Amino acid sequence: WTAQYYPYQNERQLVTSGGLGTMGFGIPAAIGAKIANPDKEVVLFVGDGGFQMTNQELAILNIYKVPIKVVMLNNHSLGMVRQWQESFYEGRTSESVFDTLPDFQLMAQAYGIKSYKFDNPETLAQDLEVITEDVSMLIEVDISRKEQVLPMVPAGKSNHEMLGVKFHA
């Protein structure tokens, strides 16, 4: 979603694992980007599943005074895994949807990180104005479990067979 919708204005503004299935890449990559470019604003967009892979790295933010912003899109699932399971396995999911999750606000508090939680799409643009504060923060945004990330290339298919895009001859 970030690659598709963020309003990029500069070259090399996006650091990504390139969809190589590296859950947990986000927080360490954002920390590295900020340390390498201390004069640049660094905002990480990450899902709740990927966030949980390396959330302990939040400790570094205070230890080394690394003011990154973490925007966690919380769909209470391993979104891409769930999407694959629903799309290609008759809707059957296995260990990709979570009925319980940690309280991410308390987790941020435990690490001494400022945190916010937003769940109203109507006020989200205004809510996100907190991102201008010059401190490390976790912004948790609740999104629908059914939200899909498209386009997507099914396993074993070619790019011209991707889902969510219509090609015209």
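The chain has seven helices and four strands. The model discussed here is a predicted one. Read along the sequence, the elements follow the pattern α-α-β-α-α-β-α-α-β-α-β. The radius of gyration is 17 Å, close to the 15 Å that the globule rule gives for 169 residues, so the chain is as compact as a globular protein of that length. Taken along the principal axes, the C-alpha atoms fill a box of roughly 50 × 40 × 30 Å.

Some totals for the chain may be given before its parts are examined. Of the 169 residues, 31% count as buried. The chain exposes about 10700 Å², and carbon and sulfur atoms supply 54% of this area. Among the contacts with a separation of 6 or more, 63% are accounted for by residues 24 or more positions apart.

The description may now turn to the sheet. Strands of a sheet pair through backbone hydrogen bonds, either parallel or antiparallel. Here, four strands form an open sheet in the order 1-2-4-3, and the pairing is parallel. Strand 1 (43–47) and strand 3 (114–118) stand at the edges, and each has a single partner strand, so one side of each is left without a neighbour in the sheet. Neighbouring strands of this sheet are turned by 15° against each other on average, direction ignored.

The pairings can be followed across the sheet. Strand 1 is joined to strand 2 by five bridges, and the two run parallel; the bridge partner of L44 in strand 2 is V70. Strand 2 (residues 69–74) is in turn joined by six bridges to strand 4 (residues 137–142), again in a parallel arrangement. In this pairing, K69 has M137 as its bridge partner in strand 4, and M72 stands opposite E140. Strand 3 pairs with strand 4 in the parallel sense over five bridges, and F118 stands opposite V141 of strand 4.

The interior is considered next. In soluble globular proteins, nonpolar side chains tend to be buried together. The largest nonpolar core in this model has 18 residues, of which F51, L61, I68, V70 and L138 touch the most other members. Helix 2 (26–36), strand 1, helix 4 (58–63), strand 2 and helix 6 (104–110) are the elements that give two or more residues to this core. A second, separate core consists of seven residues, including V71, Y116, F118 and I139.

Not counting residues up to four places away in sequence, I68 touches A30, I31, K34, V42, L61, V135, S136 and M137.

The C-alpha atoms of Q109 and L138 are separated by 9.6 Å, although the two residues lie 29 residues apart along the chain.

R12 lies in the loop between helix 1 (2–5) and helix 2. Its phi is near 55°, a positive value in a residue other than glycine. With a relative accessibility of 82%, R12 counts as exposed. K65 is found in the loop between helix 4 and strand 2. The phi of K65 is near 50°, likewise a positive value in a residue other than glycine. K65 is exposed as well, with a relative accessible area of 65%.

Conventions:
Residues are numbered from 1 along each chain as its sequence is written. This is a predicted model: local features need pLDDT of at least 70, side-chain atom pairs count only at pLDDT 80 or more; totals for chains, interfaces and linings use all residues. Side-chain values use heavy atoms; hydrogens and water are left out. Two strands pair if DSSP finds at least two bridges between them. Axes are lines fitted to C-alpha atoms, for helices over the stretch in contact, and angles run from 0 to 180 degrees between N-to-C directions. A nonpolar core is a set of buried Ala, Val, Leu, Ile, Met, Phe, Trp, Tyr and Cys residues joined through side-chain atoms within 4.5 Å. Buried means under 20% relative accessible area, exposed over 50%, partly exposed in between (1.4 Å probe, protein chains only). Contact means heavy atoms within 4.5 Å. The radius of gyration is taken over C-alpha atoms; the globule rule is 2.2 Å times the number of residues to the power 0.38. Accessible areas come from the Shrake-Rupley method with a 1.4 Å probe; for residues, only the protein chains shown count as cover.
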